[in-house]
Amino acid sequence: MIRIVLILLSFFVTQTCVAAESQVALEIDATVWAQHYSGDFKIKQIDIRPIDVENDLNYSANSNRSLSVSLIHNLPVIPQIKIRDSSVDAEEINVVPSDFTFGGFAFLFSSGDRIQSSIHFDHRDISFYYNIGQSNPRVGVGMTIRKFDGRIAIETLDGFLAGNPLESIFREQVPLFYSRLDGSLPAFNLSHSLELHYGRLQGNEMIDLS
């Protein structure tokens with residue numbers, strides 16, 4: 001990520017030197033992301049049922065970080081650029097409420113087993129967008145390439161299989177529609193922004209609003 005930012009920044013600095021009236025700003029944001037987990041998933045079609053992240057794995061809420069770097073400019077033709085790195089990282093212990101398999105019948109977790117699971121589902125966004133007009137609020141429209149780096153692990157805490165987690169790894173790049181709305185209240189020295197991502201992958205719909 002640092003290498004990408006430096007390359008893009010050097011490019012924009014070069015462009016700024018060519019056009020004396022151009023303005024380039026580097027904006028860095030660090031936020032705490034309050035997360036609530038729900039839903040279910042299946043690793044293989046032969047699994048006896050979907051695994052519920054709340055009832056089976058005991059996930060509810062957590063907090064993780066999100067970091068972003070934006071290059072904001074008034075250079076013609078070239079889009080605005082924003083890079084965001086977001087973390088989804090959680091770990092829980094639970095007692096299995098009813099039998100389920102994880103990746104096939106060879107890996108059965110029986111009712112009453114104590115299990116430990118971890119979810120790692122980081123993703124990185126690279127967004128390119130154009131601002132439409134100079135009004136307040138200002139509208140931006142473009143696209144995002146989202147790269148997922150995911151891993152789900154489940155292991156039993158009892159018996160001879162203890163300490164041997166079963167893992168499913170997910171790595172994928174997904175194109176998303178991106179739009180934003182930026183406004184300001186000069187009288188109060190306040191600004192606000194609204195961001196929307198939308199896309200689909202393998203029948204799954206992805207919507208996030210910031």
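**Reading the contacts in a predicted chain**

Modeller: Let's begin with R114, which forms a salt bridge with D158, their closest N and O atoms being 3.2 Å apart. This pair links distant parts of the chain, 44 residues apart: R114 is in strand β9, and D158 is in the loop between β10 (138-156) and β11. A word on the ground rules: this is a predicted model, where local features need pLDDT of at least 70 and side-chain atom pairs count only at pLDDT 80 or more, while totals for chains, interfaces and linings use all residues. Residues are numbered from 1 along each chain as its sequence is written, and side-chain values use heavy atoms, with hydrogens and water left out.

Colleague: What makes a salt bridge here, and how many salt bridges does the count come to?

Modeller: A side-chain nitrogen of Lys or Arg must lie within 4 Å of a carboxyl oxygen of Asp or Glu. The count comes to 14 salt bridges. In one of them, the side chains of D125 and R84 meet at 3.3 Å, N to O. That pair, too, links distant parts of the chain: D125 belongs to strand β9 and R84 to strand β5 (residues 80-86), 41 residues apart.

Colleague: Are D125 and R84 buried or exposed?

Modeller: Buried means under 20% relative accessible area, exposed over 50%, and partly exposed in between (1.4 Å probe, protein chains only). D125 counts as buried at 1%, and R84 counts as buried at 12%. By contrast, R114 is partly exposed at 38%, as is D158 at 36%. Some bridges share partners: K82, R84, D125, R146, R180, D182, E195 and D208 are joined into one network.

Colleague: Now for N64: which residues does N64 touch?

Modeller: Contact means heavy atoms within 4.5 Å. Leaving out residues up to four places away in sequence, N64 touches T31, V32, W33, Q35, Y37, S87, V88 and D89. The N64 side chain also reaches the backbone oxygen of D89 at 3.2 Å. N64 sits in strand β4 (residues 61-73) and counts as buried at 12% relative accessibility.

Colleague: And how many helices and strands are there in the chain?

Modeller: The chain has 1 helix and 13 strands. These are DSSP runs numbered from the N terminus: helices (H or I) have at least four residues, strands (E) at least two. Of the 210 residues, 35% count as buried. Among contacts with a separation of 6 or more, 61% involve residues 24 or more positions apart.

Notes:
A polar contact is a pair of N or O atoms within 3.5 Å; within protein, one must be able to donate a hydrogen and the other to accept it, and residues adjacent in sequence count only if both atoms are side-chain atoms.
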